[in-house]
Amino acid sequence: MIELAGVTKVYRKGRVEVPALRGADLRIAEGEHVALVGPSGAGKSTLLYLMGLMEEPTSGRVALFGEDVSNLGDTARSHLRGRTIGFVFQAFNLIPQLKAWQNVALPLRYQRVSKRVQKERALAMLERVGLAERAEHYPAELSGGEEQRVAVARAMVIRPRLVLADEPTGNLDSQSGRAVLDLLEEARSDGATLVVVTHDPAVAARAERVVRVVDGRVQPD
Amino acid sequence: MQSRRMKLQPVLSLASVALAAALLLVALASYQHAQARLRWLVEVAGKNVLIVQKDDAPGTIVPPGDDLSSFVARLPGYLRYALRAEGGRRPNAFDYYTQYVSEGYFSLRGYRFLKGHPLRQDADEAVVGFGLRDLLGKWVTVKGRRVRVVGVLASMADRGWPDSAVEEVIFLPWRLRRGAPAFFFEFASEPEARAALAPVQGWLKAHGYSNYEALPLANLYGLELRRKLRNVLGGALLWGVLAVVLVAAASLTAFRLARALERIRELGIRRAVGAARRDVLREELAASAAWTAWGLGLGWPLALALAGWFEARTGLSARPTAAATLTAAVGLLALSLAAAYFPARWAARQPPAGAVRGLAASLPQKRLGLAMLGLTLGVAAFAVQLGVNRSAEEHTRRMVGDLSSRTAVYSSFLFVGARSVTDPRGVTPLTYADYEALLASPLAGRIAALAYVEAYLTPLSGPAGRAYAYLRAYEDPYPKLAGAHLLAGRWPEPGVHEAVVGRLLAERLFGANDPLGKTLQALGRSWKIVGVYRGAGEALPGNAASDQLLVLRRDLGGTLPGARGEILVQLRSEAPAGTFEAVGRFLTGRHADPKLAPVRPFTRNDLAPEVRAVLLELAAAYRLLAVVILLLAGAGLAAQTLMIARLETRTLGVLRAVGGSRARVFAELLWPLLAAALLAGAVGTAAGAAVSFLVVHAQEATWSLPWAQLLFVTFAAPLLAAVFAAPPAWQAASVPPAAAMRSE
């Protein structure tokens, strides 16, 4: 359901071109739990962002759910991302001006869901991640573990087909990290595919398949 | 700390928008009120009216009568006419100054009534000017006839000297008239009045009325110069308001960009959870519109308070009208949407993957330049106003004479200024003996320069035409004190009967021919023209107007009959206050006749006070507007510095961590701002000077720049930057390194 073929990605920094991916090929089946591992700067996060339609490839083909998305316009990409993909970031990336439930409801806002339904679904999701009582709190009033659980709730609220997590436990203690991974794996029970970028062997060990990225290329299994 | 900042930020944003709304409202309202004042300056001039009157030449002639009125009535656009004859104040020195007027005269001249009603032509009734308002309802004897005062005119002192003279006049019915009539013909429009001028002049010539002249009534009010003044002042004000709008736009844009930069990660998150570019754009614009609406709501009472303060200091109203409010609302909404659009568009176009990591492309490096844009525009606006204001001042000087602020004129016969013109007593005849006595008095120690001049009305004739003009026989340094500038040739030498001729008189007498070396006959002598000069516009006391002839008094061989003596006094800079009045008392005391009016000093502030009043009001308004502009630019700069410091907190932390002192970090933050501000000052001054040249040139006015002030403005920009940017820079440099390093 995810297919990357001959994908390259080159960033420009002034006049300098920095290649992040140099022809990556990868297939991930629906419902699979995959860990992307490799040294820093290998291109793991870039690969993840390409799958999440957050980046456009310089060349090559990216297909999601059987559809070539390499050349989709911004509106179509945003539409697809908002309805089918949930993101979890290392730095949580909650919006500080919004309360916990408002952060969770954010993706629904762009799906033109009514405010009442937004709040109902956000509160239900917060209850599922064990933070119902923290719904009215701002991110600054939450612990790191709680912030990441809110971020997971935000990723899950759309019932995603694909969950992408970039070092989701990187900023957490081991107990909080385990709780977050448990929550992410729960998503799979709803049929979602889970792709996790990690440096942590313990996190990688929980995946069904470990994909190694080195120097912008995917190593054969 | 973070939540406190979160709560404070909306309050600060709202306060900024409210302040911008209030300033915009006040600027627009003051512009609107000033435009009305400038329009008034031109409207009172009776521009649709032609006057036909006897010229200054002596002698009794048969005046035109109904045949002229019948002729003019057939001209296109003719509406009506009225008549007036001067009654003077003789034979009784204590009698009132009188004018005989026909039906409809008051309404044609636009003279409003304070109380009562116009006089009936068939009754023994009179109307008086504002200064004689106590006579209302009383019977008075005028010209040996008892009349009852039935109406009082509203004060017209602020309409200019042609009307201020009416303040103490008593108007009598036309049937009692003595003397030659003046005709006032009103037309439907100014072009029709102008078009009628040539036919009327032709009719007068064809019918032998050589002592009668026809001219637009507006000429008596200096309409063209008033128009030029209105255009130049109005242009300066418009540029001032535009500058406020531009500076506000630049500051708002820079502010929105900084805000977008600060929120780049948040926008990235929104994009990550499914927001398309257009969603981000729409949200940003909607937020901006909402801020504007709130800002306008809060800005209104602030604008009222500011308008009160503004009016108290300038005399010019700035109270927001409905039209100004509507314009400000629409303008501010458009401004804030435009200011929000480009930063929002830029932010929405950032790749979400980079944005969620707080990375943004290229534009952040340009933020310093954007921050300086507001300051550059502010300095440019300041320079424009300095240039245009200088030009307007020079126009005013041309209009009302070129007397310096330390110069006063004492005249035997003053025909400006309500009190002396219409004082029912006679006036003191000033003579050369008075001048000599003043020179010998203790007051001479306070006087830097003293000049005596005698004016004679005399016929002159040249190859291109004839004229009745004033010949001024002077003692040096009269030309210098009166502001006469030599255009060609030289000033007269004593003992050889030489003269200098005014530019306008030279054109009238000699046409295109060179007058230098030619001779003119006047006062029984032959005068050789050795120079041409340019003088002030109007034949006011003390002015060496351009339609006169100047000769040395000693060449006359003494005072001749018909002389009007004038003494010009220029005080030393250290002369105590009240010296002008002391000179007046000295001259009055020399004649010691209680029947005569006291001798009063006339300074430039007594000449065309209504024009000066408008100029002073607007000059004060410009200064305040310029201060507002610079403050707006400075506030924008402070906000930018704060944003820059906040965005670079981690960098500052690194600098502190590797050993940079607070002062060093502060200097590193401030130095580029000061350098950029100096550049902004120079660029703004140059741009402002260029624009002021274009504005003044478009009005065919003379352009000159106050260079010293401009230089000050150029260096004021970095000073302003230092004042506004130093506090936030110092605050940023004072953050503990550990806290700065933890900052995201």
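Residues are classed as buried under 20% relative accessible area, exposed over 50% and partly exposed in between, with a 1.4 Å probe and protein chains only. The structure is a predicted model, in which local features need pLDDT of at least 70 and side-chain atom pairs count only at pLDDT 80 or more, while totals for chains, interfaces and linings use all residues. Residues are numbered from 1 along each chain as its sequence is written, chains are lettered from A and ligands numbered from 1 in the order in which they are written, and side-chain values use heavy atoms, with hydrogens and water left out.

Chain A contains seven helices and 10 strands, taken as DSSP runs numbered from the N terminus (helices: H or I, at least four residues; strands: E, at least two). Of its 221 residues, 54% are buried. Among contacts in chain A (heavy atoms within 4.5 Å) with a separation of 6 or more, 71% involve residues 24 or more positions apart.

Helix 1 of chain A (residues 44-51) is largely enclosed by the rest of the structure, because seven of its eight residues are buried. The buried residues in this helix are A:K44, A:T46, A:L47, A:L48, A:Y49, A:L50 and A:M51. After helix 1 of chain A comes A:L53, with a positive phi near 60°.

Four strands of chain A form an open sheet in the order 2-1-4-5, with antiparallel pairing. Its edges are strand 2 (16-28) and strand 5 (67-68), each of which pairs on one side only; pairing requires at least two DSSP bridges between two strands. Strand 4 (residues 59-64) of chain A is joined to the antiparallel strand 5 by two bridges, and A:A63 has A:D68 in strand 5 as its bridge partner.

Two threonines of chain A were examined individually. A:T84 belongs to helix 2 (residues 74-84) and is buried, with a relative accessible area of 11%. Neighbours within four places in sequence aside, A:T84 contacts A:F65, A:I158, A:P160, A:R161 and A:L162. A:T169 is located in the loop between strand 7 (162-166) and helix 6 (174-189) of chain A. This residue, A:T169, is also buried, at 11% relative accessible area. Residues up to four places away in sequence not being counted, A:T169 touches A:G177, A:L181, A:D200 and A:V203.

Chain B comprises 21 helices and 21 strands, and 53% of its 744 residues are buried. Residues 24 or more positions apart provide 80% of the chain B contacts with a separation of 6 or more. Chain B exposes about 32,000 Å², with 60% supplied by carbon and sulfur atoms.

On the surface of chain B, B:L238, B:W239 and B:L242 form a nonpolar patch with about 250 Å² of accessible area together. Patches consist of residues with over 30% relative accessible area and no salt bridge, like charges being joined within 9 Å and nonpolar side chains (Val, Leu, Ile, Met, Phe, Trp, Tyr) within 5 Å; a salt bridge places a side-chain nitrogen of Lys or Arg within 4 Å of a carboxyl oxygen of Asp or Glu. B:L238 lies in helix 6 (residues 223-262) of chain B and counts as partly exposed, at 36% relative accessibility.

Notes. Areas by Shrake-Rupley, 256 points an atom, 1.4 Å probe, with all protein chains shown as cover.
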